[in-house]
Each structure stands twice: as structure tokens, then as C-alpha cells.
Amino acid sequence: MIPKTMDFLKRTFSRLYLKRIAFKSPVLFLLIYLLTGFATIKQYGLPIDDFTQYVIGQVNYEYLVGERQNEAIEEGMRYYGPAFETICYAIDCEFDEEPQPTQKWGMRHGLLFLIFTIALGFLFYLVRKLYQDEKIAWIILLMLAFYPRIFADAHYNSMDTSYLS
């Protein structure tokens with residue numbers, strides 16, 4: 001999958017002469033970064049705590065819509081990072097049918113990577129505004145975007161990545 005994706009990106013770069021304009025527009029870079037991230041989501045699999053995170057979202061969503069009382073929620077489920085999980089569960093509830101597990105986790109991981117990519121864009125503009133230098137903004141953006149651990153966590157680690165974003 002990765003060699004095919006890389007060949008496609010090379011052909012696209014050479015056709016559109018992106019070597020000249022890619023580093024002038026962070027939006028173009030972030031779009032390519034987002035597409036690359038979406039193409040690699042399946043390669044990162046499911047971490048052990050994904051089901052637990054799903055249950056945390058479910059319990060908190062049910063409390064917010066009035067289906068569950070506060071006393072019925074375990075202590076760990078109340079305070080352990082429910083914001084992103086609750087939003088993902090609310091999106092799952094909008095489907096008429098129960099989605100397949102691969103669709104459910106793919107949507108959650110895709111949404112997480114999308115939020116991370118948007119946060120990278122805001123980071124670029126914030127650093128550029130603070131330092132009044134676009135080169136520094138690009139250096140910081142590239143360092144964070146291509147750090148292997150952060151790139152991997154942006155695919156599946158909803159607790160740390162949503163907090164980082």
C-alpha cells in the first residue's frame with residue numbers, strides 16, 4: 001500500500017510542480033499530510049484500550065442525553081477523558097444501523113487524525129504570528145508532523161492526541 005501511495009504522490013508532485021509551491025502554502029502541505037495519514041490508518045490497527053475508550057464515550061453520552069443517572073457511572077468513567085470519546089459515540093449514534101467494527105474504529109481514528117492535522121495548521125499560524133518568521137513556523141511544523149511517535153499516536157491514541165491538539 002505504501003509504495004503505491006508514494007508512487008502516486010511522486011507522480012502528482014512532478015505533474016503539478018509542487019516543488020515550487022508546496023512550501024509556500026501550509027494548507028497544501030497539510031492536505032497532503034492528511035491524505036497520507038488517511039491512507040495509512042489501517043496499518044496502525046487497534047490498541048488495547050480502544051474498546052474502553054468507546055465505553056467511556058457511550059456512558060458519558062447516555063448521561064448527557066438523560067438515559068443514565070450520575071450515580072450509575074463508575075468513577076473511572078466519569079472523569080477519564082470523555083470529551084473526544086463522547087463526540088465519537090454521538091457520531092456513531094447518528095447511523096441508522098450499527099456500523100461494522102472496522103467502520104467504527106476507522107471513523108474514530110480518521111476523526112482523530114483530522115483533528116490533529118487541523119491542530120498542526122493552527123500551530124503553524126500561531127508560531128508564524130509569534131515569531132514573525134515563516135521559516136521557524138515551517139521548521140516547527142515539520143518537526144512535529146514527522147516525529148514518528150506523534151505521527152503514530154495521531155492515528156489511534158485518542159487520549160493524548162486530543163489533549164495535544
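Leaving aside its neighbours within four places in sequence, Y33 is in contact (heavy atoms within 4.5 Å) with F113, F116, T117, L120, A145, F146 and F151. This is a predicted model, in which local features need pLDDT of at least 70 and side-chain atom pairs count only at pLDDT 80 or more, while totals for chains, interfaces and linings use all residues. Residues are numbered from 1 along each chain as its sequence is written, and side-chain values use heavy atoms, with hydrogens and water left out.

**Overall make-up**

- The chain has ten helices and zero strands, where helices (H or I, at least four residues) and strands (E, at least two) are DSSP runs numbered from the N terminus.
- Read from the N terminus, the order of elements is α-α-α-α-α-α-α-α-α-α.
- The chain has 165 residues, of which 38% count as buried; buried means under 20% relative accessible area, exposed over 50%, and partly exposed in between, with a 1.4 Å probe and protein chains only.
- Taking contacts between residues at least 6 apart in sequence, 70% join residues at least 24 apart.

**The nonpolar core**

- A nonpolar core is a set of buried Ala, Val, Leu, Ile, Met, Phe, Trp, Tyr and Cys residues joined through side-chain atoms within 4.5 Å.
- The largest such core has 15 residues, and F29, Y33, F113, L120 and L141 have the most contacts inside it.
- Two or more residues of this core come from each of α3 (26–39), α7 (101–131), α8 (134–145) and α9 (148–156).
- The most comes from α7, which gives five residues.
- In soluble globular proteins, nonpolar side chains tend to be buried together.

**Aromatic rings**

- Rings of Phe, Tyr and Trp (its six-membered ring) pair if their centres lie within 6.5 Å; planes under 30 degrees apart count as stacked, over 60 as edge-to-face and the rest as tilted.
- By this rule there are eleven aromatic pairs.
- One of them is stacked: the rings of Y33 and F113 have centres 5.5 Å apart and planes at 25 degrees.
- Because Y33 lies in helix α3 and F113 in helix α7, the pair ties together parts that are 80 residues apart in sequence.
- Y33 counts as buried at 4% relative accessibility, and F113 is buried with a relative accessible area of 0%.
- F113 also pairs with F116; their ring centres are 6.4 Å apart and their planes at 50 degrees, so this pair is tilted.
- F113 and F116 are three residues apart in helix α7, and so are separated by about one helical turn.
- F116 is buried too, with a relative accessible area of 2%.
- One aromatic cluster is formed by F29, Y33, F38, F113, F116, F124, Y125, W138, F146 and F151.

**Helix α3 and its surroundings**

- The axes of α3 and α8 are 12 Å apart and the helices pack at an angle of about 5 degrees; axes are lines fitted to C-alpha atoms, for helices over the stretch in contact, and angles run from 0 to 180 degrees between N-to-C directions.
- The two helices α3 and α8 are therefore roughly parallel to each other, given that angles under 35 degrees count as roughly parallel, over 145 as roughly antiparallel, 65 to 115 as roughly perpendicular and the rest as oblique.
- Where they meet, α3 brings P26, F29, L30 and Y33, and α8 brings W138, L141, L142 and A145.
- L31 has its place in helix α3 and counts as partly exposed at 45% relative accessibility.
- G37 is found in helix α3 and counts as buried at 0% relative accessibility.
- Leaving aside neighbours within four places in sequence, G37 is in contact with F113, F151 and H155.
- G37 and H155 are 118 residues apart in sequence, and 7.6 Å apart in space from C-alpha to C-alpha.

- Helix α6 (residues 82–93) has twelve residues; at 1.5 Å a residue it should span 16 Å, and its end C-alpha atoms are 16 Å apart, which agrees.
- The expected span of a helix is 1.5 Å times one less than its number of residues.
- Buried residues in α6 are F84, E85, T86, C88, Y89 and D92.
- R108 has its place in helix α7 and counts as buried at 2% relative accessibility.
- Not counting residues up to four places away in sequence, R108 touches D50, Q53, Y54, F84, E85 and C88.
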